[in-house]
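Biologist: I'd like to learn how to read a protein model. Could you walk me through one?

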Amino acid sequence: MSDDVLSVIPADPRWQPDQAAADRTAAVVAGLVPRDEDVDIDVTWHETLTVVDCGQNLERIGCPQCGASIDTEWWADLLEAHCESGFATLAVEVPCCGAQSSLDSLDYDWPCGFARFEIAVWNPERAWLTDEELTAVADALGHPVRQILAHI
Ligand SMILES: [Zn+2]
């Protein structure tokens, strides 16, 4: 049994909304997915920076400095090491060329992100939100948003 999860996160990984903005945004997101009893929407405030990864949808990680492909095993090990405690910093030395970079600026295909707030729709029965829909979500939240589509 596998799941698809569509997550919406603030563009700024450290940003968190207040309760009212979160409620408003969750309602907007709920209106964008089919009404089905299997669709669950989780709204989560994370204490620390938490990875929102795309699971089996991850095909490649590109280095923004040298353009090389970063070994996805490196990424898997990193996620495992931080799965309980989250990330104190996103600063990282990339394994390909040793450049100092930030984990949220690596070139993830499909996208991955980091966040302290997340709205996750389980088995949304739809694909990516459109730009228009993302704008509506961002308006409700009062902050620009990104989306992650995970297969786990
Ligand atoms: Zn590199």
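Biologist: In what order do the four strands of the open sheet run?

Modeller: Strands of a sheet pair through backbone hydrogen bonds, either parallel or antiparallel. Here the order is β2-β8-β1-β9, with antiparallel pairing. Strands are DSSP runs of E, at least two residues, and helices are runs of H or I, at least four residues, numbered from the N terminus. Two strands pair if DSSP finds at least two bridges between them. The edges are β2 (40–52) and β9 (145–151), each pairing on one side only.

Modeller: Before we go on, this is a predicted model, where local features need pLDDT of at least 70 and side-chain atom pairs count only at pLDDT 80 or more, while totals for chains, interfaces and linings use all residues. Residues are numbered from 1 along each chain as its sequence is written, and side-chain values use heavy atoms, with hydrogens and water left out.

Biologist: How many bridges join β1 and β8?

Modeller: Four bridges, in the antiparallel sense, between β1 (residues 4–10) and β8 (residues 113–122). For instance, Ser7 has Ala120 in β8 as its bridge partner.

Biologist: Now helices. Which residues of α3 are buried?

Modeller: An α-helix has 3.6 residues a turn, so residues three or four places apart point the same way. Buried means under 20% relative accessible area, exposed over 50%, and partly exposed in between (1.4 Å probe, protein chains only). In α3 (residues 131–141), the buried ones are Glu133, Leu134, Val137, Ala138, Ala140 and Leu141. Seen down the axis, they fall within an arc of 160°, so they line one face of the helix; the arc is that of the directions from the helix axis to the C-beta atoms.

Biologist: What do those buried residues pack against?

Modeller: They pack against β1, α1, β8 and β9, where contact means heavy atoms within 4.5 Å. The face turned away from the buried side carries exposed Asp131, Glu132 and Asp139.

Biologist: And the metal: which residues coordinate the zinc ion?

Modeller: Look for donors, meaning N, O and S atoms within 2.8 Å of the metal (3.2 Å for Na, K and Ca); water is not among the atoms, so sites may look incomplete. Here the SG atoms of Cys63, Cys66, Cys96 and Cys97 coordinate the zinc ion at 2.3 to 2.4 Å.

Biologist: Why is the arrangement called tetrahedral?

Modeller: Because the four donor atoms subtend angles of 100 to 117° around the zinc ion; four donors count as tetrahedral if all angles lie between 85 and 135 degrees.

Definitions and conventions: Four donors count as tetrahedral if all angles lie between 85 and 135 degrees; four count as square planar and six as octahedral if opposite donors are over 155 degrees apart and all others between 65 and 115; anything else is irregular.
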